[in-house]
Protein chains: 2
Amino acid sequence: MDIKTLCLGLLTFGDASGYEIKKSFEGELRHFYEASFGSIYPALMRLTKDGLVTCTEQAQVNRPDKKVYRITPAGRMAFLDALQQKPPHDRARSDFMAILMFADLLPARHVSDLVDERLASGRKHLADMRRRTPRGGSPGRRFAHGYGVAMLEAAIAYIEENRHLVESEALLAPASGR
Amino acid sequence: MDIKTLCLGLLTFGDASGYEIKKSFEGELRHFYEASFGSIYPALMRLTKDGLVTCTEQAQVNRPDKKVYRITPAGRMAFLDALQQKPPHDRARSDFMAILMFADLLPARHVSDLVDERLASGRKHLADMRRRTPRGGSPGRRFAHGYGVAMLEAAIAYIEENRHLVESEALLAPASGR
DNA sequence: GGTATCTATATCGTTTCGATATATTCTACA
DNA sequence: TGTAGAATATATCGAAACGATATAGATACC
């Protein structure tokens, strides 16, 4: 599932501009996917060229013009085909965890600060997500939202309960001769 | 934190070949990072060129030769510098969840099969991880391993408890006029 | 004997990232 | 009232990473 396909899928929820699609990636898709403008705009241009979406330029009052994209019947078919593909295994990227793997190489204080910051931002993000719980929308979207919440909760709980593992050791052995 | 830095970090655990580093990415790093040969080999070449690692070719009996990499003092310093950087927010990529967001566009049976497969592979992977729980190693490595286990458990539990959301709706409205 | 998996390194086209550029409007603050 | 910062909006480009493929000997299984 590449960015082109994801854009197509988001357009099944309704017409949108590239900027609005980026907002979706930062919002409800945040826990499953990420995409930058550098991939979204080329994707939309490619989809337009391939006849899977149409593009209409819209003038706006007090705002820059926007290009509104709409999925075509051919686009819907292409998306349904893509949905049938067997999904590859999930991937994650966490620099936070990668750093903590080497906690014994860092000053104890630094590790504690890092953990505090992560918990604070995690709790903030969680509160934000709960506020945005979708009441309408498709069941799939609610399922996905709930999954994001559950994963965040689990991450916060684990870090709270196990932070001593990386903190106490850093205190006891600030410079182990590895 | 790029692949070069991660390779450097793994080499602080001991000397390794490119192939062994790939194994690490598939093993204990699996839940925080991923890297293919296409990024590992160029990274090791670049690190060698920059004097952050050294490379020694080793002949082996009944196996292809391997190039064993070792981190240099300059490499250790570069790695410690990189560890100080503030980590960006975590990222995830799940085609499984992306597909389920559009569950109402799919046949009910397909969704159920997809969920069953995911649960089966998740449980298998979890059992595998529990078997490989590290007893030795740095506390950071144990912390990271535990985190991976906790996240997998949470994902499985959520899917088990909420699969009806995407399954029942698919049965009731197999072709909603979106 | 054949087929698949493991060890091991490497390349290459395509995709995606991340930073940057540009321009307008809205908001907040001193 | 000025101005700094955030939001809306599109776009490009070099660098990084992906993913598939090639090569090749060893082992293991049917």
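This report describes the chain contact, the DNA surface, the sheets, the helices and the core of a predicted model.

## Basis of the model

The model is predicted, so local features need pLDDT of at least 70 and side-chain atom pairs count only at pLDDT 80 or more, while totals for chains, interfaces and linings use all residues. Residues are numbered from 1 along each chain as its sequence is written, and chains are lettered from A and ligands numbered from 1 in the order in which they are written.

Helices (H or I, at least four residues) and strands (E, at least two) are DSSP runs, numbered from the N terminus.

## Contact between chains A and B

Chain B gives 48 residues to the contact, and chain A gives 48 residues. Two residues are in contact if their C-beta atoms, placed from the backbone, lie within 7 Å. On the side of chain B that touches chain A, the elements giving two or more residues are α1 (3–11), α4 (73–84), β4 (91–93), α5 (95–100) and α7 (139–172) of chain B. α7(B) provides the largest share of that side, 17 residues. By class, the side of chain B that touches chain A holds 30 nonpolar, eight polar and 10 charged residues. Here Ala, Val, Leu, Ile, Met, Phe, Trp, Tyr, Cys and Pro count as nonpolar, Asp, Glu, Lys and Arg as charged, and the others, Gly among them, as polar.

A strand pairing also links the chains: β4 (residues 91–93) of chain A and β4(B) run antiparallel and are joined by three bridges. Two strands pair if DSSP finds at least two bridges between them. In this pairing, Arg91(A) stands opposite Arg93(B).

## Surface near DNA strand D

DNA strand D is surrounded by 22 residues, the closest being Tyr19(A), Gly38(A), Lys66(A), Asp2(B) and Gly38(B). A residue is near a molecule or strand if its C-beta atom, placed from the backbone, lies within 6 Å of it.

Two or more residues of this surface come from each of α2 (18–26), α3 (37–49) and β3 (63–71) of chain A, and from each of α3 (37–49) and β3 (63–71) of chain B. The largest share, four residues, belongs to β3(A). The surface near DNA strand D divides into eight nonpolar, eight polar and six charged residues.

## Sheets

In chain A, three strands form an open sheet in the order β1-β3-β2, with antiparallel pairing. β1 and β2 of chain A are the edge strands, each pairing on one side only. Strand β1 (residues 16–17) of chain A is joined to β3(A) by two bridges, with Ser17(A) opposite Val68(A). Strand β2 (residues 53–60) of chain A is joined to β3(A) by seven bridges. In β3(A), Lys66(A) is the bridge partner of Gln58(A), and Val68(A) is the bridge partner of Thr56(A).

Chain B has an open sheet of three strands in the order β1-β3-β2, also antiparallel; its edge strands are β1 (16–17) and β2 of chain B. Seven bridges join β2(B) to β3(B), and Gln60(B) stands opposite Arg63(B) in β3(B). Thr56(B) lies in strand β2 (residues 53–60) of chain B. Thr56(B) counts as exposed because 11 other C-beta atoms lie within 10 Å. From Thr56(B) to Lys67(B) is 11 residues in sequence and 5.5 Å in space, C-alpha to C-alpha.

## Helices and core

A residue is buried if 20 or more other C-beta atoms lie within 10 Å of its own, exposed if 12 or fewer, and partly exposed in between; C-beta atoms are placed from the backbone. Helix α1 (residues 3–11) of chain A is mostly covered, with nine of its nine residues buried; among them are Lys4(A) and Cys7(A). Helix α6 (residues 108–131) of chain B has 24 residues and reaches 35 Å from its first C-alpha to its last, close to the 34 Å expected at 1.5 Å a residue. That expected span is 1.5 Å times one less than the number of residues. The buried residues of α6(B) are Val111(B), Leu114(B), Val115(B) and Arg118(B). In the loop between α6 and α7 of chain B is Ser138(B), which counts as buried because it has 22 C-beta neighbours inside 10 Å. The C-alpha atoms of Ser138(B) and Phe13(B) are separated by 9.2 Å, although the residues are 125 apart along the chain.

The largest nonpolar core has 82 residues, and those with the most contacts inside it are Cys7(A), Leu100(A), Cys7(B) and Leu100(B). A nonpolar core is a set of buried Ala, Val, Leu, Ile, Met, Phe, Trp, Tyr and Cys residues joined through C-beta atoms within 7 Å. Leaving aside neighbours within four places in sequence, Cys7(A) is in contact with Ile21(A), Ile40(A), Ala43(A), Leu44(A) and Leu47(A).
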